[in-house]
Amino acid sequence: MTHIRILILIILLWFTLFSAQAQSIFDRPWAVDYYNNPYLAGESIFGRSENAVGFDWGTDSPNDDIPNDNFSVRFAKSGYLPAGVYRFIISADEGFRLYIDQQVILDAWDDNVPGQTLGRDIRLSEGIHHIQIDYREFSGEAFIYLDWGAAPPDTEAETLIQPEHIVPESAIGTVTVTANALNVRSEPRIANNVLTRVQRGQQFPLLDRSTDGNWLQIAVDSATTGWVSAAYVDGSAASPISNNSDLSGVTLRSDTRLFVRVRPYADSEIIGLLRAGEVVPIVARNDNMTWWQIRDGNQIGWVSAQFITLSPDVNPARVAVVE
Ligand SMILES: [Ca+2]
Ligand SMILES: [Ca+2]
């Protein structure tokens with residue numbers, strides 16, 4: 001009997017090792033989602049599997065349903081890795097972020113540079129790891145290449161090949177978790193997208209809220225942001241921003257994450273994105289004040305009046321009317 005038990009144990013152990021190795025992350029395809037805007041916003045237009053992240057679209061687009069400019073792509077996969085130091089190098093035009101286990105490892109999301117390369121060496125423990133690359137294209141050439149694998153022997157762990165930087169989003173409040181355990185999701189909707197869980201009584205900075213107010217974006221830690229249902233956190237932070245004291249001059253503030261468009265129409269081309277709470281100068285308005293033209297950095301665009309708060313100093317009669 002003892003021999004049989006040992007034999008069974010050996011077989012179980014062999015299956016365990018075999019199945020772990022069969023799920024090596026190197027053998028698994030990337031799940032790739034393509035978006036027809038540069039913000040990974042809304043539902044993806046289409047998804048497919050790819051064996052590698054290595055694309056040069058030139059001035060074309062990945063697909064007929066995706067525009068040549070202003071699109072974004074998310075690559076993701078999970079799988080087993082043995083312990084070791086791994087080197088990640090990304091060359092892309094234009095913006096990209098690399099996440100490992102939901103931590104930002106490389107960040108050129110906002111750089112707006114036409115083609116650059118970043119790399120980093122990271123020591124990873126044995127086990128299942130998750131890798132995600134967010135990519136976006138605004139104009140001109142579009143490409144992204146990921147080169148990764150075990151770093152050369154004796155590579156120092158955590159060494160930065162090139163400096164990376166993280167642009168934190170500004171908090172607009174604080175939320176307290178009221179549910180026993182609350183899922184934090186990568187998008188403001190229920191899907192197979194749980195990043196982590198938070199517990200009753202924990203407090204987190206509030207970064208943004210969904211347009212319908214049902215979802216709140218929180219900063220779980222310095223590298224992880226995600227969305228939680230507003231029904232399961234302290235409701236005081238879920239109310240719209242009402243403090244206008246910091247609003248002055250001919251400006252407006254976006255109450256939510258808000259698209260900036262070329263023309264004052266909901267289906268007009270998107271040229272920018274305001275953060276929740278961002279204050280921008282007003283340039284003009286349309287006749288019935290349903291759209292406001294604003295200056296966003298070095299470009300002019302339109303935002304819907306539905307999602308903004310006007311500075312108390314704004315006298316609409318003195319704002320130029322165009323459109
Ligand atoms: Ca392009
Ligand atoms: Ca480009």
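In what sense do E21 and strand E22 (residues 299-304) pair, and over how many bridges? E21 and E22 pair in the antiparallel sense, over 6 bridges. Two strands count as paired if DSSP finds at least two bridges between them.

This is a predicted model, in which local features need pLDDT of at least 70 and side-chain atom pairs count only at pLDDT 80 or more, while totals for chains, interfaces and linings use all residues. Residues are numbered from 1 along each chain as its sequence is written, and chains are lettered from A and ligands numbered from 1 in the order in which they are written.

The chain holds 1 helix and 23 strands. Helices (H or I, at least four residues) and strands (E, at least two) are DSSP runs, numbered from the N terminus. Of the 323 residues, 28% are buried, that is, 20 or more other C-beta atoms lie within 10 Å of the residue's own, with C-beta atoms placed from the backbone.

**Strand pairs**

| Pair | Sense | Bridges |
|---|---|---|
| E20 (residues 279-285) and E21 (residues 291-296) | antiparallel | 3 bridges |
| E21 and E22 (residues 299-304) | antiparallel | 6 bridges |
| E6 (residues 95-100) and E7 | antiparallel | 4 bridges |

E20 and E21 form a hairpin with 5 residues between them, and methionine 289 in the turn has a positive phi of about 60°. Isoleucine 282 stands opposite isoleucine 294 in E21. The hairpin of E21 and E22 has 2 residues between the strands, and glycine 297 takes a positive phi near 65° there. Arginine 295 has isoleucine 300 in E22 as its bridge partner.

**The open sheet**

Six strands form an open sheet with antiparallel pairing, in the order E2-E1-E4-E9-E6-E7. Strand E2 (46-50) and strand E7 (103-107) stand at the edges with a single partner strand each, so one side of each is left without a neighbour in the sheet.

**Nonpolar cores**

A nonpolar core is a set of buried Ala, Val, Leu, Ile, Met, Phe, Trp, Tyr and Cys residues joined through C-beta atoms within 7 Å. The largest has 28 residues, of which Phe88, Ile90, Phe96, Leu98, Ile105, Leu106 and Ile133 touch the most other members. Strands that each supply at least two residues of this core include E1 (30-35), E4 (71-81), E5 (84-93) and E6. Apart from this core lies another, of 15 residues, among them Val175, Phe204, Ile218 and Val228.

Methods:
Buried ≥ 20, exposed ≤ 12 C-beta atoms within 10 Å, placed from the backbone.
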